[in-house]
Amino acid sequence: MTEATFPTRPAPSPALAGGGLVILMPAFQEAATIGALVARVLDAMPGTPLLVVDDGSTDGTGAIAEAAGAEVVTAPANEGKGAALRRGMRAALARGASYVATLDGDGQHRPEDLPRLVALARPDRIVIGSRRRSPGQPAARRRANRVADFWVSWAAGHAVADSQSGFRIYPAAALAELARYEGRARRFSFESEILIDASRAGIVTEAADIPALYAGTLRRPSHFRPVADIARIVIMVGGKLLARGMDPAGLRRSLAGRRRMEQEGRNDASP
């Protein structure tokens, strides 16, 4: 699959016709990439506010982001991705955001794909930039993501494509109860847990296919630890399922949805 498969400038979403989008990038020790990423985001989404949460960096990440044109929110110390996201989400909501777009600060996501996600935004859905149909993921990461997708989809009660992707558009309604996550969900489990909680409030997920950028594109190893972080996610999901009697109906819906997604993928791949 080549990059040409992923168009980048669709028509804007009717849900965003009046504005209300804030873009958020959590960043920790990203001095090598953050300046260029900020410039690309501002070029891809001109006029849209961009917040960079400097999560306790010591390499000048925040100063570089600010010089490139972002508004910087600074954490007093490194608190983890989940906490950085919540800090930025609260700042975005305080600005009156109706939607919050998130992407990582390490270059793993193409800012030029933001319009594709924005085009799918609706008040009752979280849009996820999904790498499910793109080659390039390391085998260990792909297997870990599939495990997480199975459990998150089960607890959410519908098939979630690429539950570990941080490239998303959240409607404000999905962020209404951020305080419930304080003191836990510090790292990557927050992004899984919020999908489950949102689905139980009637907010489902929609996938926008994006390329997977790994080898030769990132300046540093990922902060994601496949074994430890997936274990935390599975434990969190298991607790939610136990509280619902293991939710067999949710399992059936998620598996049916997964089969539909796989069939769509086969159909799209057919000549």
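Reader: What is the order of the strands in the open sheet of seven strands?

Author: In this predicted model, seven strands form an open sheet.

Reader: Which strands are the edge strands?

Author: An edge strand here pairs on one side only. That description applies to two strands, one of them spanning residues 204-209. The edge strands are β3 and β7.

Reader: What does the twist average from one strand to the next?

Author: The twist is taken from each strand of the sheet to the next. Its average is 25 degrees.

Reader: Are α1 and α2 roughly parallel or roughly antiparallel to each other?

Author: Helix α1 (residues 34-44) and helix α2 (residues 61-68) have axes that come within 8 Å and cross at roughly 30 degrees. Angles under 35 degrees count as roughly parallel. Therefore α1 and α2 are roughly parallel.

Reader: How many residues of the contact of α1 with α2 are nonpolar?

Author: On α1 the contact is made by I34, G35, V38 and L42, and on α2 by T61, I64, A65 and A68. Gly counts as polar in this classification. Of the contact residues, two are polar and no residue is charged, while the number of nonpolar residues is six.

Reader: Which strands does helix α6 touch?

Author: Strand β5 (residues 125-130) is joined by two bridges to strand β6 (residues 168-171), and the two run antiparallel. In this pairing V127 stands opposite I169 of β6. Helix α6 (residues 189-199) packs on the sheet, and its direction makes about 45 degrees with that of β6. The strands touched by α6 are β5, β6 and β7.

Reader: Is α5 roughly parallel or roughly perpendicular to α6?

Author: Helix α5 (residues 139-156) packs with α6 at an angle of about 25 degrees, their axes lying 8 Å apart. Since the limit is under 35 degrees, this angle makes α5, relative to α6, roughly parallel.

Conventions: Residues numbered from 1 in each chain as written. Predicted model: local features only at pLDDT ≥ 70, side-chain atom pairs only at ≥ 80, totals over all residues. Heavy atoms only, no water. Axes fitted to C-alpha atoms, helices over the stretch in contact; angles between N-to-C directions. Helix = DSSP H or I, 4+ residues; strand = E, 2+ residues; numbered from the N terminus. Parallel < 35°, antiparallel > 145°, perpendicular 65-115°, else oblique. Contact = heavy atoms within 4.5 Å. Pairing = 2+ DSSP bridges.
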